[in-house]
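Reader: I would like a close look at one residue and then at the sheet in the chain shown below. Please set out the terms with their cut-offs as you go.

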Amino acid sequence: MPNAVPLKYKAPFQGPYTEEQLLTVFHDLKENYSGIRKDFTITNQTGNLVKDFGQLLRIAVSNKPEVILKGSGEVGGLKVENGLVEYDLSEISKSTEYWDILRDGSCSGCNNLGFKKVEYNKERICKIGLSMDHDKDCSGYDPKRKNSQGEPARKLDELIEVVSS
C-alpha cells in the first residue's frame, strides 16, 4: 500500500474477555467508527467499500482484520490530511479467534477434552481421530468464556448482531 500510514486499534482493556468486556470493546469500536466514517472512506483490503458498522465488525473478527481509511480527519489521535491509513484491527481478531470454542456449552466439547477444533471438509470438528466421550460426567464443566451470570457466553455471531443493530 503506497504511502499508507499504519495505525493499530487499541481496545479499552486487554483480553481474554468476558462477554460483557467483549461487548464493551465492540461498542468502543462502534464509537470510533462513528467518528471515522464522517471524515474517511473505509474499504477492506481488496478495495470494497465498508458500508456499515456490522461489516467493519465482521472484518475485525476475521483473519484479515485491516481496513483502509482514505480522507482527512482524526483517527486514534492521528491527524491525517488527504491521506491513507491502514487501520489494523487485529487486537479484536486475536481476542475472538477461539471465542465460540472456548464458550462451548457442551461439557464434552473439544476444549474440555484438551483439543482445539480444526477445519475439515468445511466443518469445524475436533482433531481427526478424536473419539468424543459424550457420556462424560459434566457436573464440573466450566466454560472459559462467560457472561455476567457465569454461564457460557453467547456465540460470536449473536454478539455481533446485538452490537450491529
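Is Ser95 buried or exposed, and what is its relative accessible area?

Author: This is a predicted model, in which local features need pLDDT of at least 70 and side-chain atom pairs count only at pLDDT 80 or more, while totals for chains, interfaces and linings use all residues. Residues are numbered from 1 along each chain as its sequence is written, and side-chain values use heavy atoms, with hydrogens and water left out. Ser95 is buried, because its relative accessible area is 16%, where buried means under 20%, exposed over 50% and partly exposed in between, with a 1.4 Å probe and protein chains only. Ser95 belongs to helix 3 (residues 90-96); helices (H or I, at least four residues) and strands (E, at least two) are DSSP runs numbered from the N terminus. The side chain of Ser95 reaches the backbone oxygen of Glu91 at 2.9 Å. Leaving aside neighbours within four places in sequence, Ser95 is in contact (heavy atoms within 4.5 Å) with Gly15 and Tyr17.

Turning to the sheet, four strands form an open sheet in the order 1-4-3-2 with mixed pairing, two strands being paired if DSSP finds at least two bridges between them. Strand 1 (4-8) and strand 2 are the edge strands, each pairing on one side only. Strand 1 runs parallel to strand 4 (residues 78-88), joined by five bridges, and Pro6 has Glu86 as its bridge partner in strand 4. Strand 2, by contrast, pairs with strand 3 (residues 66-75) in the antiparallel sense over five bridges, and Asn44 has Val67 as its bridge partner in strand 3. Four of the five residues of strand 2 (residues 40-44) are buried.

Conventions:
Polar contact = N/O pair within 3.5 Å; in protein donor to acceptor, adjacent residues only side chain to side chain.
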